[in-house]
Amino acid sequence: WYQRRVRGSFLESGVREVSFVYSSLLQNSGYTNTNLHHVTDWYATFQNLVGDKPWEHSKQQLPIDGVDIWRSISNNKSCRNEILYELRDPSKRLDRYGQNALENAKRYPISQNTSIVKIWNGTHKLSPPIASRIAQDFFAIRHKNWKLIVGTGFILQGWSSKDGLVGQYRGFQDDHGRTHSWGVVSGTFLFDLSTDIREEHNVAELHPYIVKSLLSKKQGYLDKVKTFKKSTFSDQGMLNGVWKPWVDP
């Protein structure tokens, strides 16, 4: 069985990609690089390669999330040990989605168990993407070999087969021994990717100090998040029927 699916999730099948770099600028080549990289790192890397100096600009540049990873690409020297996958906090949303999320967070408190929590809307079960967006109390982070996923109302899936055959799929069990192909869950999940790349073993209860250490990083990221006040796009972005970049006051 291969990695846990699916694209769009924060399991390895959704965040791990294979790529290569070809350049005469590389100090070393023909090797396998397993360092952590994020898509936002490319901007900082290209900025450095072309000699751009943000501090010399006449207009102050906004801070960026990416880091220059050229030493990692060119000489296999790690440039980052942490990636924030997702941070959703309903207290930062003042619209109806934030209120719904706060209610769901109270109704389905986060636990150390892999408990299946089905999110319902009236008499119709929500589709997985919608369900995961409504229950918003969610934090996912990778630090070195550890990945922590904690919250309520996010999607958890099973495993696809190695050959990718349609219908060949292994579900996962909740704490009651029931098997599911996918589920909207509430819980704390800790994976050691150095020994468990398929994310089969939730070791949160075995390593509470690791969970606590990673959770302590949440507030630092949360302090940088602005409160979301409305769910519509800014009117400032519309010009003659075409969306353009804008900055809200």
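Helices (H or I, at least four residues) and strands (E, at least two) are DSSP runs, numbered from the N terminus. Keep that in mind, everyone, as we go through this protein together.

A word on where the numbers come from. This is a predicted model, in which local features need pLDDT of at least 70 and side-chain atom pairs count only at pLDDT 80 or more, while totals for chains, interfaces and linings use all residues. Residues are numbered from 1 along each chain as its sequence is written, and side-chain values use heavy atoms, with hydrogens and water left out.

Let's start with the overview. The protein has seven helices and 13 strands. Of its 249 residues, 37% are buried. Buried means under 20% relative accessible area, exposed means over 50%, and partly exposed is in between, using a 1.4 Å probe and protein chains only. The accessible surface comes to about 16,200 Å², and carbon and sulfur atoms hold 53% of that. Those areas come from the Shrake-Rupley method with a 1.4 Å probe; for residues, only the protein chains shown count as cover. Now for contacts, meaning heavy atoms within 4.5 Å. Among contacts with a separation of 6 or more, 68% are between residues 24 or more positions apart.

Next, the inside. In soluble globular proteins, nonpolar side chains tend to be buried together. By a nonpolar core I mean a set of buried Ala, Val, Leu, Ile, Met, Phe, Trp, Tyr and Cys residues joined through side-chain atoms within 4.5 Å. Which residues have the most contacts inside the largest core? They are Phe-10, Phe-138, Ala-140, Ile-149, Phe-154, Leu-156 and Phe-189, in a core of 16 residues. Strand 1 (82–88), strand 5, strand 6 and strand 11 each give two or more residues to this core. Another core, of 13 residues, lies apart from it and includes Ile-141, Val-150, Ile-210 and Leu-214.

Two of those names take us to helix 6. Its residues are 208–215, and the buried ones are Ile-210, Val-211 and Leu-214. They sit on the same side of helix 6 because they cover an arc of only 100° around the axis; the arc is that of the directions from the helix axis to the C-beta atoms. Turn to the other side of helix 6 and you find Tyr-209 and Lys-212, which are exposed. Here is a handy rule to remember: an α-helix has 3.6 residues a turn, so residues three or four places apart point the same way.

Now some charges. A salt bridge is a side-chain nitrogen of Lys or Arg within 4 Å of a carboxyl oxygen of Asp or Glu. How many does the structure hold? Seven salt bridges. In one of them, the side chains of Asp-41 and Arg-80 meet at 2.6 Å, N to O. Asp-41 is in helix 2 and Arg-80 in the loop between helix 3 (70–75) and strand 1, so this pair ties together parts that are 39 residues apart in sequence. Asp-41 is buried, at 0% relative accessibility, and Arg-80 is buried too, at 14%.

Another salt bridge joins Glu-200 and Arg-170, at 2.9 Å from N to O. Glu-200 belongs to the loop between strand 11 and helix 6, and Arg-170 to strand 8 (residues 169–170), so the pair ties together parts that are 30 residues apart in sequence. Glu-200 is partly exposed at 34%, and Arg-170 is partly exposed at 26%. Elsewhere, salt bridges that share partners join Glu-12, Arg-16, Lys-147 and Glu-199 into one network. Glu-12 is buried, with a relative accessible area of 2%, whereas Arg-16 is partly exposed at 38%.

You can find Glu-199 in the loop between strand 11 (182–192) and helix 6. Is Glu-199 buried or exposed? Buried, at 0% relative accessibility. Lys-144, not a glycine either, has a positive phi of about 55°. Lys-144 lies in the loop between strand 5 (137–143) and strand 6 (146–157), and at 49% relative accessibility it counts as partly exposed.
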